[in-house]
Number of protein chains: 2
Amino acid sequence: MSTQISFSANHGTAAAPAIFGHTPWTEDTAGPRPGRDRALIVGPVQHFTQDQEIYGEGDDAPIFFKVISGVVRTCKFLGNGRRQIDAFYVPGDVFGFEPGAAHNFSAEAVCDCAVIAFRRHGVEILAVTDEGLSHQMLSYAMGSLARAQEHALMLGRKSAAEKLAAFLLEWAEHSPDSDVVSLAMARQDIADYLGLTIETVSRTLSQLEREGIIELPTTRRIRLKNVTALEDLGA
Amino acid sequence: MSTQISFSANHGTAAAPAIFGHTPWTEDTAGPRPGRDRALIVGPVQHFTQDQEIYGEGDDAPIFFKVISGVVRTCKFLGNGRRQIDAFYVPGDVFGFEPGAAHNFSAEAVCDCAVIAFRRHGVEILAVTDEGLSHQMLSYAMGSLARAQEHALMLGRKSAAEKLAAFLLEWAEHSPDSDVVSLAMARQDIADYLGLTIETVSRTLSQLEREGIIELPTTRRIRLKNVTALEDLGA
DNA sequence: CGATTGCTTGATACCTCTCAACCCAGGTGG
DNA sequence: CCACCTGGGTTGAGAGGTATCAAGCAATCG
């Protein structure tokens, strides 16, 4: 066996709680998991309704979360009402694990969702002696970094059509049915994630439909009719 | 002493090499440092001339770097010649420490610079038993993440003037003389970092000068005459 | 000097934003 | 059941900001 250490997630060890892995924690058990990670959980599963705030930018609650069900967004606000969504989180994803005492972003429920909270302090303490856990934390941070960098590239150098193509392909991967994307979020969320306005999102989707690349049976369901064309745009 | 663990950089321990810290490693010694980090160094200090490639996107050299002198940029290229600069690195900064076998970005010398290389594998091995080093890696990753997120926010939701104000304030912090910024990079680098064209960068700087907010004695030196106005824009 | 390179400036085109109207589905209440 | 309201989404017209294309300028270098 090689001693090479990779940063890939989900590697785990017998001793390490899979806190950062994309494990299918369920609503009522938040497990079953090996004993230790249960001990790090702050309280019971928490439920949030659509658009409810989970924590605010600047809150210094020393806590982070894992999504059990639903979708969560993290975002920042600038003056005059501008909002930038940093990321969406789906079940199994960890969010709110940040440096410093306070949260850099606020987190809100995109749709009704359930999350479980962990005490950051407890995890950090445990990581000192648990090499697997400390490795999970690093994997998580490096993965988040790569995602944020890709996001920045998109925001800086892509057109509206290219942004939407990339966005649809990203969510197609999360979809069980690979060519029909079910969106959990409203148009405004898409716009604030892609650095566009809601009108431009709408117009661009309509244009892609006119071009035969996608189909919009309902506003929240999008059929990808020509994935190749999307990939040409989104790349 | 509290057992609280912070993610702040530069905390160090006696045993941990300060590889990720912003320590003033010098040109000829790349030290003096405690013994261990010397052992992790791949070779002698390497020199690169302006615009020379240090590594390319996709290269799988299992190596990362620390800047000794000069400035380095990491960037990605899209089709039809578009380029997005992810970050600039100044002396003391670490770059090229990424997940996966291959580099996600290419790295190039902004100006003549000197860097020192570390074997990623060696550092990872050492981090397994060295808690301080493993902590440094996490601090580094979390700090990079926060920077990338801030960058994305700027690219998505700021105007040209706001981007340039934020950019100037960022570099003012690196400047010894706090109100005169000496830029190591050309206009094209600024443009590709801010998601603009070189013409827009030039026009916007001229406009800020006409408004009395800055002064441009030479193209690479910028006097900040009204920091408050810049902060109002850049925030 | 002339050539080169990086930067600035100008004119115009294009993309996205802004503001406004309209549409549509769902919910409510008479 | 239907009129009405509401909220999200779409579409249109016009404005504005940035890109594009092109020319001019200044510093550097042979």
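**Exercise 1.** Determine whether B:Arg83 and B:Asp189 are buried or exposed, and how far apart their closest N and O atoms are.

Solution. Step 1: both B:Arg83 and B:Asp189 are buried, where buried means under 20% relative accessible area, exposed over 50%, and partly exposed in between (1.4 Å probe, protein chains only). Step 2: the closest N and O atoms of B:Arg83 and B:Asp189 are 2.9 Å apart, and the two residues form a salt bridge (a side-chain nitrogen of Lys or Arg within 4 Å of a carboxyl oxygen of Asp or Glu). Step 3: B:Arg83 is in strand 5 (residues 83-89) of chain B and B:Asp189 in helix 5 (residues 187-194) of chain B, so the pair links distant parts of the chain, 106 residues apart. Helices (H or I, at least four residues) and strands (E, at least two) are DSSP runs, numbered from the N terminus.

The model is predicted: local features need pLDDT of at least 70, side-chain atom pairs count only at pLDDT 80 or more, and totals for chains, interfaces and linings use all residues. Residues are numbered from 1 along each chain as its sequence is written, chains are lettered from A and ligands numbered from 1 in the order in which they are written, and side-chain values use heavy atoms, without hydrogens and water.

**Exercise 2.** State which parts of chain A the pair A:Asp86 and A:Arg147 ties together.

Solution. Step 1: a salt bridge joins the two side chains (3.5 Å, N to O). Step 2: A:Asp86 belongs to strand 5 (residues 83-89) and A:Arg147 to helix 3 (residues 131-157), so the pair ties together parts 61 residues apart in sequence. Step 3: A:Asp86 is buried at 3% relative accessible area, whereas A:Arg147 is partly exposed at 27%.
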